[in-house]
Amino acid sequence: MSSVMLQEAKCAYIIIIMAVYWCTEVIPLAVTSLMPVVFFPLLGVQSSKSVCLQYLNDTNMLFVGGLIVAISVEQWNLHKRIALRVLLILGVKPALLMLGFMIVTAFLSMWISNTATTAMMVPIVQAVLDQMDNTEYDVTMMEQATGQTNTVIELEEKNVLDPTSVSSEEKKMRKRVCKGMTLCVCYAASIGGTATLTGTGPNMVLKGQMNQLYPNNNDIVNFASWFGFAFPNMILMLVLAWLWLQCSFMGLNFKKSWGCGTERTAKEKAAYNVLKAEMKKLGPISYAEFNVLLMFVLLVLLWFSRHPGFVKGWAARLFPEGEKYITDSAPAVFIALLLFILPANKPKFIDIKKPFLSAPLLDWNVVQRKMPWSIVLLLGGGFALADASANSGLSAWLGHQMTPLGSIPPWAIATVLSLIIAVFTECTSNVATATLFLPVFSSMAASVKIHPLYVMLPGTLSASFAFMLPVATPPNAIVFSYGHIRVLDMVRSGIVMNIIGVFCVTLAINTWGRPMFELDTFPAWANSTANQ
C-alpha cells in the first residue's frame with residue numbers, strides 16, 4: 001500500500017470517528033471538533049501548525065464579529081422592539097397574526113441566532129394567545145346572555161342545547177390555533193437563518209470550505225452574493241410554510257381568518273392590547289438602543305457594499321488592492337470594536353460631578369457569557385477536516401469514486417442530495433451535517449465536471465431544514481418545551497416543510513441561481529484544485 005493511499009486512509013479514519021461522535025453526541029459536539037488538533041499530527045496527516053490555523057480563520061472571525069453585534073442587539077432589547085413594532089403594524093386577524101409572527105421571527109433570525117430569536121418570540125406568542133383565550137371565554141358568556149336570534153324561545157333552546165358542543169369545538173379549534181402559532185415561530189427561525197451568510201452555522205461552513213478547497217475562487221460566496229441568492233428563496237419558503245400551517249391548523253376560512261370587511265372582534269382587540277402593553281413596557285427608544293441600531297445598519301451596509309459584484313465596492317475604491325486584502329470579516333470586527341468604545345449614555349458636558357463618558361454599549365463579560373463558543377469550535381473543526389481531506393488526497397479519491405454520477409443530469413443530483421441532507425440533519429447538528437457532506441459534494445462536483453456550488457448551495461440550505469423533530473435544532477426544542485405540541489404534530493407538519501424546502505431550493509438553484517453564480521459552466525478555479 002503506497003504512502004499516499006495511507007495518508008488518505010488515516011484522514012478518512014479520523015473523519016469517520018468524528019462523524020460517529022457528532023451523530024451520537026457521546027461527548028459534546030465542540031469537544032469532538034478538537035480531535036484533529038491531536039490526531040492529524042500524531043498520524044502524520046498534517047502538521048499541528050497547519051491544523052491549528054483553521055480554528056480561527058477568516059470565516060470564523062466573520063462569525064465572531066457578527067455574533068458580537070447580535071449580542072449587543074439582544075443586550076439592549078432592540079430585537080423585541082422591532083418585533084412588537086412590526087406586529088402592531090401588520091394587525092391581529094388570526095391569519096395576519098401568524099404571518100406577522102413568521103415575518104418578525106425570520107427577519108430577526110437573519111441577524112441574531114435562531115435560538116435567541118425563538119426564545120424571545122415564544123413568550124410574546126404565548127402572552128397574545130392567553131389573552132385571546134381569556135377574552136373568548138368572556139365573549140362566549142356574553143353572547144349566550146344576549147344572543148342574536150329572533151325569538152326568545154329559540155334563544156332558550158339554544159342555551160339549553162349548545163354550550164357544551166360549542167365549547168368542545170371551540171377548545172379543539174383553540175388548541176389547533178395554539179399549535180399553529182407556536183410551530184410557525186420555530187419554522188420561521190430556521191427559514192430566516194438561511195437568508196444571510198452569518199444567519200446560521202451551515203452557511204459559514206460553506207463560505208469557509210469554499211475558501212479552503214478553492215483558494216482562488218474570486219470571493220464568489222460573500223455577504224452580498226449569498227443574500228441575493230438566498231433571500232428570495234427565504235421569502236418563497238416563508239409564504240409556502242405560512243399557507244401550509246394555515247391549511248393544516250386553522251383551515252382556509254377566508255372570512256374568519258382574514259376578516260375581510262368585518263370589524264375587529266374582542267379577541268383581536270385583546271391581542272392588540274397585549275402587544276401595545278408590551279411595547280409600553282419598553283418605553284421610548286434609548287440613546288444606547290439608537291446607537292446599537294445605527295451600528296447594526298452600518299455593518300449591513302458595509303457588508304453589502306464591500307464587493308457587490310456589479311459595481312466596484314468600497315474595498316476596491318478606498319484601499320489599494322482592497323478586494324484582495326479585505327474580506328467580510330474586517331467590517332464585522334470593526335463594528336464589534338466600536339461597540340466596546342461607544343458610550344451607552346449621552347456624554348454630559350455640563351455636570352462636572354458625573355463622569356464625562358459612561359460605560360460602553362457592550363461589556364466583555366456579557367459577550368463571554370452569551371457567545372456560543374461551541375459553534376466557533378465546531379466550525380473550526382470542520383475547516384480543519386476539509387483542509388486535511390483536500391491536502392491528503394482524500395477528496396480527490398472520493399471524487400474519482402463518484403465519476404459514474406456524471407451520467408445523471410445535474411439538477412437531479414442536486415435534488416437527491418438535498419433530500420438526503422434534509423433527512424440527515426433531523427438527527428444531527430446542522431453544522432456537523434454541513435461539515436461532513438460539503439467536502440464530499442465538492443469532490444463529486446470536480447469529478448463529474450459540474451460547478452461546485454451547484455451541489456454545495458442546495459446542500460448547505462438543506463442542512464437548515466430541521467423541521468421534524470424537537471431535537472433537530474434548538475428552536476424546535478424551545479417551542480416543544482412549552483407543551484402545546486406533541487412530537488407527532490411536529491413530524492406531520494415537518495415532513496411537508498422538508499418537501500417545501502427541497503422544492504424551493506431546487507427551484508432557486510435552477511432559476512435565478514444559474515445566472516448569479518454562472519452554474520452552467522465549470523469554472524477555471526475549480527479545475528486547478530482538482531489537478532493538484
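The sulfur of Cys23 lies 7.0 Å from the closest cysteine sulfur, that of Cys427, which is too far for a bond. A disulfide is a pair of cysteine sulfur atoms within 2.5 Å. The structure holds zero of them. This is a predicted model, where local features need pLDDT of at least 70 and side-chain atom pairs count only at pLDDT 80 or more, while totals for chains, interfaces and linings use all residues. Residues are numbered from 1 along each chain as its sequence is written, and side-chain values use heavy atoms, with hydrogens and water left out.

Is Cys504 buried or exposed? Buried means under 20% relative accessible area, exposed over 50%, and partly exposed in between (1.4 Å probe, protein chains only). Cys504 has 0% relative accessibility, so Cys504 counts as buried. Cys23 has 30% and is partly exposed.

Now turn to helix 21, residues 410–424. Helices here are DSSP runs (H or I, at least four residues), numbered from the N terminus. The expected span is 1.5 Å times one less than the number of residues. For the 15 residues of helix 21 that gives 21 Å, and the end C-alpha atoms are 21 Å apart, which agrees. Its buried residues include Ala412, Ile413, Leu417 and Ile421. Among the elements covering the buried residues of helix 21 are helix 22, helix 23 (452–462) and helix 25 (487–510).

On a 1 Å grid over the protein atoms alone, a cavity is a set of points where a 1.4 Å probe fits but cannot get out, and a pocket is an open set with protein on both sides within 12 Å along at least five of seven lines; lining residues have an atom within 4 Å of a point.

The second largest pocket holds about 720 Å³. Its lining has 36 residues, with Thr115, Ile375, Val431, Thr473 and Pro474 nearest the centre.

The largest cavity has a volume of about 120 Å³. Of its 14 lining residues, Ala70, Val73, Trp111, Ile112 and Phe296 are the closest to its centre. Helix 5, helix 6 (78–90), helix 7 (94–111) and helix 14 (287–306) each give two or more residues to this lining. Here too helix 5 provides the largest share, four residues.

Definitions and conventions. Grid points are joined across faces, edges and corners, and a volume is the space filled by probe spheres set on the points. Contact means heavy atoms within 4.5 Å.
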